[in-house]
Amino acid sequence: MAPIVSIRDLTKTYANGFKALKGVNLDIERGEILALLGPNGAGKTTLISIVCGIVNPSGGEVLVDGHDVVKDFRVTRSLIGLVPQELTTDQFETVWNTVRFSRGLHGCKPDPVYIEKILRELSLWDKRDNMMRQLSGGMKRRVLIAKALAYEPRILFLDEPTAGVDVNLRKDMWKVVERLRAAGVTIILTTHYIEEAEEIADRVGVINGGELLLVEDKNTLMKKLGRKQLILELAEPIDTVPTGLADLGLELNGSRNRLVYDYDADKEHAIAAVLSRMVKEGIHFRDLSTRQSSLEDIFVALVGEKA
Amino acid sequence: MNFEAIKVIYSAEMARTRRTLLQSVVSPVISTSLYFIVFGTAIGSRIDDIGGVSYGAFITPGLIMLTLLTQCISNGSFGIYFPKFTGTIYEVLSAPIALTEILIGYVGAAATKGLIVGTIILATATFFVDISIAHPFMMILFFVLTAVTFSLFGFMIGVWARDFEQLNLIPMLVVPPLTFLGGSFYSIDMLPPFWQTVSHFNPVLYLVSGFRWSFFQIADVNPMVSLVMVSGFLAVCLATLAWMFRTGYKLKN
C-alpha cells in the first residue's frame with residue numbers, strides 16, 4: 001500500500017538564511033509509529049510544521065494520502081492532528097471550549113459525547129470548566145492532546161509529547177497511543193527520550209543538521225548498529241593478551257584483570273568460541289557479563305559522527 | 001467552505017467580547033458620551049448651525065465613525081495578534097481552512113463588535129441631539145462597509161505587528177489625526193483652500209462625509225465618490241491580505 005505520508009527532497013531555508021531542512025526524503029507507512037530522534041535544532045519541528053501547513057516549504061513536495069499539502073491542504077489537514085511542543089493555549093478559555101473549538105476548526109460537527117470520552121480518557125473531565133491558566137503544565141499538555149484528538153485525525157504528530165510531564169501522564173499518553181494504533185492511526189513522534197522510542201516505535205528516524213541520517217525498522221537498527229560487549233573478570237591479572245587470542249581484538253584494561261570483547265549483536269555464537277579458546281590458553285575468569293548498546297548509544301554514535 | 005470553522009472562530013471571538021464587556025462596549029460609549037456633552041451640548045450651543053444642522057447633530061456621524069474606526073481596527077488587529085502572541089495560531093494555520101474562512105470568522109466578529117458599539121453610540125446620541133436619517137439604506141451601507149473595511153485593515157496590522165508596540169502604533173498615531181482632520185468635527189469648507197486640497201488625500205474624509213450625507217444630505221464630497229473610495233479601500237485590504245496569506249508573510253516563514 002502507498003505510504004500515508006510521502007516526503008520528497010524537502011528543503012526549508014528561513015528568512016534569516018538558516019537552512020533547517022536540506023533535502024529530506026521520507027515515507028511514513030500507514031498505521032505505524034515512527035519516532036524521529038535528533039538534537040535540538042535538528043529540523044524535527046520544521047519537518048512536522050511543513051507537513052501540517054504551519055510553515056511553507058522552500059522546495060520539494062509532501063504528499064499526505066496522495067494529496068499535496070500545499071495544493072490540497074483542505075484534504076491533508078483534515079487528516080492530520082498535531083500536538084505541538086510548546087504549551088500554547090488561550091489562557092482565558094475553558095478546557096471544554098478550547099477542545100470544542102479545535103473540533104469545529106477542522107470542520108467536524110459538535111459531538112459532546114465524543115469530547116466527553118476524550119476528556120475522561122485523559123483525566124480532564126473534572127477540569128472541563130476550568131480556565132487554561134488555572135491548569136498545571138502537565139494538565140495543559142493533556143488538553144493539547146485532547147485538542148488534537150477532538151477531530152479524530154488519521155495521522156497524529158506528537159512533537160516532544162513527554163517533555164516535562166510526570167509518570168502518570170506518560171502512562172495515560174501511551175495508553176492513548178496504543179488505542180490509536182489499534183484503530184489504525186499513524187503516529188509520528190519526536191522525542192529526546194530515546195528509551196521511549198525504543199519502547200513504542202516501530203521505526204526510528206534520526207535527523208541532524210536538517211538531514212535525515214537514517215530511517216530503519218527499530219529491531220533491524222538495533223541489530224545492525226547495535227554492538228554487544230562481553231566483559232570477562234579474570235581470576236588472575238595477565239600482562240598481555242596471549243598471542244593465540246590476538247585475532248579476536250580483545251582489550252585488556254589498566255588493572256590487567258578485565259578483558260573486553262566487542263562483537264556484533266547478531267553474532268551471538270561468537271561468545272562460545274571466545275570462551276573455549278580462553279580455556280585452551282589457560283586463562284581463567286571469575287565472572288562474566290554482556291552488555292548491549294541501547295538506541296541512545298546508537299544515536300550518540302550517529303549524531304557524533306556527523307558533528 | 002468549512003462552515004464549522006467559521007462558526008467556532010466567530011463565536012470564540014464574540015465570547016471574548018462578552019468576557020471584556022467593560023473594555024469593549026462600555027468604555028467607548030462613555031468616552032463618546034463625553035464628546036457629546038462637551039462638544040455637542042456645552043461648546044456646541046455657542047456654535048452656529050452648519051448647513052442648517054445644529055453643531056451637536058452635525059458631529060454625530062463623525063463621532064460614530066471615529067469610534068467605529070478605532071474599535072474595528074483594534075478588534076481586528078487584536079483578534080489575530082493575540083493567537084500569534086500566545087502561539088495558538090498554529091491551530092488556525094494547520095486547520096483545513098483558507099483565508100476566506102479565517103476572514104469571515106475573525107473580521108466578521110471584529111466588524112460585528114464595531115457595529116454593536118456604533119449602534120449603541122447612535123442610540124446614545126439621540127439623548128443629546130435630534131437625529132434624523134435621510135437615507136437609511138445608504139447609512140447602513142456606509143456603516144457596514146466601513147466596519148468591514150477597517151476590521152480588515154486592523155487584521156492586516158495584527159498579521160504585520162511584531163510586538164505590542166507595533167500593534168498600537170497605527171491605531172494610536174495614525175488613526176486619530178486622520179479622523180480629527182477628516183472633517184469629523186467641522187466641514188472642510190471652513191478650511192483654507194490649501195488644507196481643503198490636503199484633506200482630499202485623507203480616506204477618512206470620504207467615510208465621514210458619506211456617512212453624514214446619509215443623515216443630513218450635506219456632504220463635503222459627492223456621496224457616490226465616498227462609496228467608491230470606501231469600496232476601493234476594502235478591495236486594497238482584501239488584495240493585500242490575499243498576498244499575505246499566499247506568501248505566508250509573517251505567519252508561515
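**A sheet and its surroundings**

Reply: Chain A is divided into two parts, domain 1 at residues 5-222 and domain 2 at residues 227-292. Keep in mind that this is a predicted model. The C-alpha centres of domain 1 of chain A and domain 2 of chain A sit 46 Å apart.

Let's start with the sheet. Chain A has an open sheet of 4 strands, in the order 12-13-11-14, and the pairing is antiparallel. Who ends up on the outside? Strand 12 (251-252) and strand 14 (285-292) of chain A are at the edges, and each has a single partner strand, so one side of each is left without a neighbour in the sheet. As a bit of background, strands of a sheet pair through backbone hydrogen bonds, in either a parallel or an antiparallel way.

Now for the pairs themselves. Strand 11 (residues 227-234) and strand 13 (residues 258-264) of chain A run antiparallel and are joined by 7 bridges. If you want a spot to look for, find A:Gln229: its bridge partner in strand 13 of chain A is A:Asp262. Strand 13 of chain A also pairs with strand 12 of chain A, again antiparallel, through 2 bridges. Here, A:Glu251 stands opposite A:Val260 of strand 13.

Strand 12 and strand 13 of chain A form a hairpin, with 5 residues between the strands. In that hairpin, A:Arg256 takes a positive phi near 55°.

Is A:His269 buried or exposed? A:His269 counts as exposed, because it has 8 C-beta neighbours inside 10 Å. For a sense of distance, pick out A:Asn56: A:His269 and A:Asn56 are 213 residues apart along the chain, and their C-alpha atoms are separated by 52 Å.

Next, the rest of chain A. UniProt lists residues 5-234 of chain A as "domain: ABC transporter", in an unreviewed entry. That span is 35% helix and 30% strand, and its end C-alpha atoms lie 53 Å apart.

A few residues in chain A are worth a stop. A:Asp9 is in strand 1 (residues 5-13) of chain A. Phi of A:Asp9 is near 50°, which is a positive value in a residue other than glycine. With 13 other C-beta atoms within 10 Å, A:Asp9 is partly exposed. A:Asp65 has a positive phi too, of about 50°, although it is not a glycine. You'll find A:Asp65 in the loop between strand 4 (59-64) and strand 5 (67-68) of chain A. A:Asp65 counts as partly exposed, with 18 C-beta neighbours inside 10 Å.

Then there's A:Asp166, in the loop between strand 7 (155-159) and helix 6 (167-182) of chain A. A:Asp166 has 12 C-beta neighbours inside 10 Å, so it counts as exposed. A:Asp166 and A:Gly138 are 28 residues apart in sequence, yet their C-alpha atoms are 7.2 Å apart in space.

What about the other chain? Chain B has 10 helices and 0 strands. UniProt places "domain: ABC transmembrane type-2", from an unreviewed entry, at residues 19-248 of chain B. That stretch of chain B is 78% helix and 0% strand, with its end C-alpha atoms 31 Å apart.

On overall form, the C-alpha atoms of chain B fill a box of roughly 60 × 35 × 35 Å along the principal axes. A compact globule of 253 residues would have a radius of gyration near 18 Å, and the 19 Å of chain B agrees with that. Buried residues make up 45% of the 253 residues in chain B. Among contacts in chain B with a separation of 6 or more, 81% come from residues 24 or more positions apart.

Finally, how do the chains meet? The contact takes 20 residues from chain B and 26 residues from chain A. On the side of chain B that touches chain A, the elements giving two or more residues are helix 1 (3-19) and helix 4 (89-93) of chain B. Helix 1 of chain B gives the most, with 6 residues. Sorted by class, this side of chain B has 8 nonpolar, 7 polar and 5 charged residues.

How values were computed: Residues numbered from 1 in each chain as written. Chains lettered and ligands numbered in written order. Predicted model: local features only at pLDDT ≥ 70, side-chain atom pairs only at ≥ 80, totals over all residues. UniProt positions renumbered as here; feature names shortened; annotations may be inferred. Domains from an automatic or database assignment. Contact = placed C-beta atoms within 7 Å. Nonpolar A, V, L, I, M, F, W, Y, C, P; charged D, E, K, R; others polar. Pairing = 2+ DSSP bridges. Rg over C-alpha atoms; globule rule 2.2 N^0.38 Å. Buried ≥ 20, exposed ≤ 12 C-beta atoms within 10 Å, placed from the backbone.
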